[in-house]
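I opened this notebook to record what I looked up in one chain, beginning with the whole and then turning to its parts.

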Amino acid sequence: MTLRTSAPRGTRPADRPRAVPTMVDHVRSAAQAEDLAARLQHPDRTWPVVVVSTTRDRGRPCVDPARVLDEVRGLAEVVVVHTGEPSWAFSHGMPPGTPVYGGASRVYPVGVEWVHDPSRSTLWFADDGAEGTRVHELLVQDALTAAVSAGLAGTAAAPGGSTTGARVLGVVGTRALVQTSAGATAQVAQELTLPIVPIDRLLAPRMRVRGVLDAGARRLDVRGMLPDAATQLARVQEAYPPGAVVPAQVHEVADDAVLLALAPAVTVRVARERATGGDDDLRDLFSVGEAVAARLLPGHPVPGPGGGTIRPDLRLDDVADTEPVRPALSLLDDGPPWLPPPASVHDSLGSTDSAGTPGEPPDEHRATTPPRPLPGPGPRPAVPPRGSGPRPGPGSTSTPPDGGAPPVVAEPVPSNPVKKALVNQLELSVHEHRSRADRAEHEATELRATVRALELEVSGLRDLAREQRDRLDRLHTTVERYKSKIRSARKDRARTQDTGAGAPARCFTDPEAQLRFDVLRTWVEIIGAAEKDRYPLPGFAVGPRFCESLADVGRGLEDKVHRAVVLVLVGRAPEVSGFELHRLRRGDGGGSPYLVRESDGAQAMRLSLQVSSPQARRLHYWVLPGGDVELSRVVLHDDIDP
């Protein structure tokens with residue numbers, strides 16, 4: 001598929017509307033679908049487009065396009081492509097892997113990167129109302145994210161936008177509900193803030209916020225109050241002194257380094273030697289998105305304007321599990337910490353040791369101690385309190401007065417420095433496997449969507465093949481019918497020529513006048529009424545020997561000569577393969593030069609009137625330098641004289 005870089009049909013760039021459409025558009029014809037495909041691939045498109053297709057059985061989309069438009073109004077356009085001829089025309093006009101049909105939907109971002117990488121425009125499917133609700137949320141998220149990338153949010157793209165203050169009422173999912181100072185309610189979309197930060201880690205109930213209000217869409221854009229990178233760095237330096245243990249989020253993981261973020265825009269690269277004491281592959285120890293505890297080191301200066309800035313450094317290998325971790329920064333005043341506290345080993349595993357039994361030493365210590373029997377159903381023997389009696393010496397036993405079994409005395413668990421490292425390793429492995437499971441589930445979801453897309457495409461191709469097969473059958477029937485008519489007409493004409501009945505009478509005594517009349521009559525008969533303006537009959541010259549040579553062929557062959565002359569004059573003789581039209585040479589050899597008349601430079605041409613018959617007739621004529629035709633002679637096959 002070739003990328004279209006021109007404006008849609010009938011639309012110049014200057015004619016395109018400058019405001020995002022505020023009504024759902026419907027594509028119901030092939031021409032509209034072709035225009036939509038061309039417009040989506042235009043590099044100058046200035047807003048995202050949400051395209052929703054109707055299902056084959058219901059005739060309407062499972063996603064409510066009006067609800068989608070309500071949430072993206074002023075930032076994206078919503079278009080519905082109807083199933084049938086419009087969806088096929090749209091698919092044919094789009095690059096491979098990018099169309100929608102059969103109930104599928106997707107958002108086309110601004111630019112043409114999605115043409116070369118369809119993953120930038122995710123395809124979503126909905127077969128019923130429940131799936132439609134889920135896809136609705138995904139389309140809104142994709143559209144708002146694309147609008148932010150295009151620089152539309154918080155600008156004049158939102159008609160009627162105004163700056164106002166508001167109070168946060170609550171946070172639900174990816175939306176925060178706010179009440180403006182005028183008493184109106186609006187939403188803050190996570191996609192229009194910091195997409196990598198959940199909305200509940202940015203805003204909290206009763207917070208005061210300020211932003212651009214789009215009253216029509218009931219949407220408040222608070223990006224103007226979010227701290228930039230310099231402000232975030234200043235807050236990190238103000239809140240965390242060197243040596244403090246602080247939370248950080250894993251942004252990227254390589255085998256020899258991990259990228260940590262103290263704030264969304266303040267990242268630090270930590271090499272393997274500062275992340276772990278060994279030579280482990282860090283991808284087996286860290287997962288993208290998790291919060292970890294790190295020690296803040298004195299920063300290093302980074303050259304820049306005004307003397308440069310101090311960038312912090314971090315290390316992970318010397319942080320003990322028992323050290324307190326400072327809370328994460330709040331990106332906004334009175335807001336929640338942007339990161340949850342790092343998970344503790346003891347929080348995730350409890351007091352269970354590597355052997356899987358709480359309170360017991362590892363295997364190497366249990367091997368030297370015989371296992372104790374499980375207590376019976378009776379009351380458990382009491383353990384004397386510390387210091388209540390003499391402690392038995394080595395090798396001695398203590399027998400209670402009633403002669404029962406000796407009391408069970410808890411033995412101290414020896415400290416094992418390896419145990420702590422094993423538990424840490426186990427927790428990191430659990431995190432990694434959990435992350436891998438999440439990625440596998442995400443890949444499985446994408447594969448299911450791909451399979452569904454392929455199933456829809458196969459179904460559509462089967463319908464198209466069936467339509468093409470039916471059309472081919474109809475064309476074949478029509479061709480056979482016309483062949484039969486042609487055969488019948490030729491038989492009737494042959495019988496008429498054999499009997500001489502019906503042959504047109506001669507109207508002129510002058511052979512050349514009769515020739516010109518016959519050529520005109522033949523042009524009227526074989527050139528249809530709709531094509532006469534396209535193929536007018538031009539004037540022509542008649543050579544001194546042409547009429548004489550035509551008289552020798554007989555009336556039966558004259559009609560072929562007239563037909564051939566008409567096709568030569570209107571320029572369609574080269575289209576008839578049976579004519580074997582070619583230039584006449586001076587000799588029989590293939591290397592002989594072409595025959596050109598010296599007096600005026602006319603080129604000699606030769607055309608076959610008959611094939612596969614003895615002494616088949618040929619038509620010789622001249623093509624003058626201006627393109628006019630002069631008829632020369634009708635000759636036998638072996639006669640090569642012009």
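Before noting any surface, I wrote down that accessible areas come from the Shrake-Rupley method with a 1.4 Å probe, and that for residues only the protein chains shown count as cover. The model is predicted, so that local features need pLDDT of at least 70 and side-chain atom pairs count only at pLDDT 80 or more, while totals for chains, interfaces and linings use all residues. Residues are numbered from 1 along each chain as its sequence is written, and side-chain values use heavy atoms, with hydrogens and water left out.

**Entry 1: the whole chain.** I looked up the accessible surface of the chain and found about 36,500 Å², of which 54% belongs to carbon and sulfur atoms. Of its 642 residues, 36% count as buried (buried means under 20% relative accessible area, exposed over 50%, and partly exposed in between, with a 1.4 Å probe and protein chains only). I then noted 13 helices and 20 strands, which are DSSP runs numbered from the N terminus, helices being H or I of at least four residues and strands E of at least two.

**Entry 2: two helices.** I looked up how helix H1 (residues 30-40) packs with helix H3 (residues 85-93), and found an angle of about 30 degrees with the axes 8 Å apart. Axes here are lines fitted to C-alpha atoms, for helices over the stretch in contact, and angles run from 0 to 180 degrees between N-to-C directions. The contact (heavy atoms within 4.5 Å) involves Ala30, Ala33, Glu34, Leu36, Ala37 and Leu40 on H1, and Glu85, Pro86, Ala89, Phe90 and Gly93 on H3.

**Entry 3: the buried side of H3.** I found Pro86, Ser87, Ala89, Phe90, Ser91 and Gly93 of H3 to be buried. The buried residues of H3 pack against H1 and also against strands E1 (25-27), E2 (49-53), E3 (77-81) and E4 (104-108).

**Entry 4: two positive phi values.** Aspartate 334 is not a glycine, and yet I noted a positive phi of about 65 degrees for it. This aspartate 334 lies in the loop between strand E15 (309-315) and helix H8 (345-349), and it is exposed, with a relative accessible area of 71%. Glutamate 580, also a residue other than glycine, has a positive phi near 50 degrees. I placed glutamate 580 in the loop between helix H13 (555-569) and strand E17 (582-583), where it is partly exposed at a relative accessible area of 44%.
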